[in-house]
Amino acid sequence: MSFRSRVIGCGAYLPERIVSNAELARRLDTSDEWIVQRTGIRQRHVAAPGELTSDLAVHAAERALAAAGLSGADLDLIVLATATPDNTFPATATKVQSRLGMTEGCAFDVQAVCSGFIYALATADNFIRCGQARRALVIGAETFSRILDWEDRGTCVLFGDGAGAIVLASHRDEGGGAPERGVLSTHLHADGRHHDILYVDGGPSTTGSCGFLRMEGKEVFRHAVHRLAEVVDEALSANGLAARDLDWLVPHQANRRIIDSMGRKLDLPAEKVVVTIDRHANTSAASVPLALAEAVGDGRIKPGHLVLMEAMGGGLTWGAALVRW
Ligand code: UT7
């Protein structure tokens with residue numbers, strides 16, 4: 001008997017406060033024109049003082065559970081992707097677990113920065129495939145506003161806060177016949193040699209404080225275009241599929257130019273690429289599930305559609321997931 005995971009609900013949450021490029025330009029040497037041209041970002045959401053990653057995660061999770069017609073007590077696994085946990089320990093996932101009323105199973109965080117959601121999805125999918133979990137909540141939640149150096153115009157204009165979540169349920173994989181629905185495959189990679197081009201200059205074992213994000217943007221850009229193209233090919237060929245079979249690309253939202261280059265590579269019309277970067281900026285692990293929730297919520301992604309997700313982030317880490325909705 002083999003199992004496969006299906007996505008049965010999506011949810012998202014964005015903090016209320018919106019910070020426009022114009023607002024940033026009033027306190028930094030930057031401009032709306034530069035930010036839009038180089039990144040596609042027009043605004044970002046920023047968490048209120050005292051509003052934590054777990055708060056954003058719980059809101060997104062409640063919406064995903066409502067869409068799935070389930071409650072927290074029905075879950076046996078939570079995997080939460082974040083690089084901005086509430087505390088160094090325990091895992092933010094356990095806070096979310098208690099607030100959702102889930103008392104059994106297990107809950108833990110994964111840390112792969114902007115690739116975090118793909119890593120978390122792959123982890124939960126593998127738990128389900130091997131029969132160790134039946135209903136899993138996969139969350140990407142971040143408060144990057146707390147680790148930005150607001151004096152560094154090269155990084156602080158790029159990121160935003162938010163959370164997205166999906167519920168996975170175990171289904172018997174019948175094999176053969178009509179194409180199966182659910183997570184078809186996940187593909188993860190890391191190359192720690194590139195640590196220094198995207199990292200946070202603090203942490204419990206390094207400085208004892210949480211530190212600020214540092215990035216060599218051009219270098220990261222170069223790796224992103226190259227590595228994402230590779231992993232997308234890997235995901236398609238592992239399933240005997242071609243780019244023309246795709247209904248949707250749901251990419252990590254780091255830079256509009258990276259997203260457009262992937263769309264061109266796959267020869268996908270712009271209408272098949274889900275873009276939220278203009279309104280959300282880069283929300284790290286939250287960006288893919290936020291984009292998914294939007295496209296599922298407004299009816300663009302429909303049952304039976306073939307959806308490709310991809311992301312790259314600090315580590316470097318990168319990955320892709322192919323899902324028949
Ligand atoms: O999610 C994880 C993965 N992250 C990414 O994939 C991010 C990848 N990188 C990028 O998206 C881009 O490299 C950036 C958007 C970060 C930067 O764009 P760029 O075209 O690579 O610009 P640059 O860093 O080469 O900077 C060009 C110029 C510089 O001025 P000079 O040296 O040419 O005089 C910067 O100082 O733009 C300047 N600059 C700015 N100007 C106005 C940098 N940031 C700003 C700013 N406003 N906010």
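Residues are numbered from 1 along each chain as its sequence is written, and side-chain values use heavy atoms, with hydrogens and water left out. Because the model is predicted, local features need pLDDT of at least 70 and side-chain atom pairs count only at pLDDT 80 or more, while totals for chains, interfaces and linings use all residues.

**Domains**

The chain is assigned domain 1 (2-173) and domain 2 (182-324). These bounds come from an automatic or database domain assignment. The C-alpha centres of domain 1 and domain 2 lie 14 Å apart. Contact (heavy atoms within 4.5 Å) links 51 residues of domain 1 with 48 residues of domain 2.

**Nonpolar cores**

A nonpolar core is a set of buried Ala, Val, Leu, Ile, Met, Phe, Trp, Tyr and Cys residues joined through side-chain atoms within 4.5 Å. Buried means under 20% relative accessible area, exposed means over 50%, and partly exposed is in between, with a 1.4 Å probe and protein chains only.

The largest nonpolar core has 46 residues. Leu246, Leu266 and Leu308 touch the most other members. Helix H7 (217-238), helix H8 (256-265), strand S12 (306-313) and strand S13 (317-324) each give two or more residues to this core. H7 gives the most, with eight residues. Domain 1 (2-173) and domain 2 (182-324) both give residues to this core, so it lies between them.

Helices (H or I, at least four residues) and strands (E, at least two) are DSSP runs, numbered from the N terminus.

Leaving aside neighbours within four places in sequence, Leu246 is in contact with Leu236, Leu266, Leu268, Lys272, Leu306, Leu308 and Leu322.

**Helices H7 and H8**

The axes of H7 and H8 come within 10 Å and cross at roughly 35°. Axes are lines fitted to C-alpha atoms, for helices over the stretch in contact, and angles run from 0 to 180 degrees between N-to-C directions.

From H7, Phe221, Ala224, Val225, Leu228, Ala229, Val232 and Asp233 take part. They meet Arg257, Ile258, Ser261, Met262 and Lys265 in H8. By class, this contact has eight nonpolar, one polar and three charged residues. Ala, Val, Leu, Ile, Met, Phe, Trp, Tyr, Cys and Pro count as nonpolar, Asp, Glu, Lys and Arg as charged, and the others, Gly among them, as polar.

| Residue | Relative accessibility | Class |
|---|---|---|
| Asn21 | 1% | buried |
| Asp149 | 17% | buried |
| Arg42 | 48% | partly exposed |

Asn21 lies in helix H1 (residues 21-27). Not counting residues up to four places away in sequence, Asn21 touches Asp32, Ile35, Val36, Ile41, Arg42, Gln43 and Arg44.

Arg42 sits in the loop between helix H2 (32-39) and strand S3 (43-46). With neighbours within four places in sequence left aside, Arg42 is in contact with Ser20, Asn21, Val36 and Asp278. Arg42 and Asp32 are 10 residues apart along the chain, and their C-alpha atoms are separated by 7.2 Å.

Asp149 is in the loop between strand S6 (135-143) and helix H6 (153-156). Leaving aside neighbours within four places in sequence, Asp149 is in contact with Thr155, Cys156, Phe212 and Arg214. Asp149 and Leu290 are 141 residues apart along the chain, with 24 Å between their C-alpha atoms.
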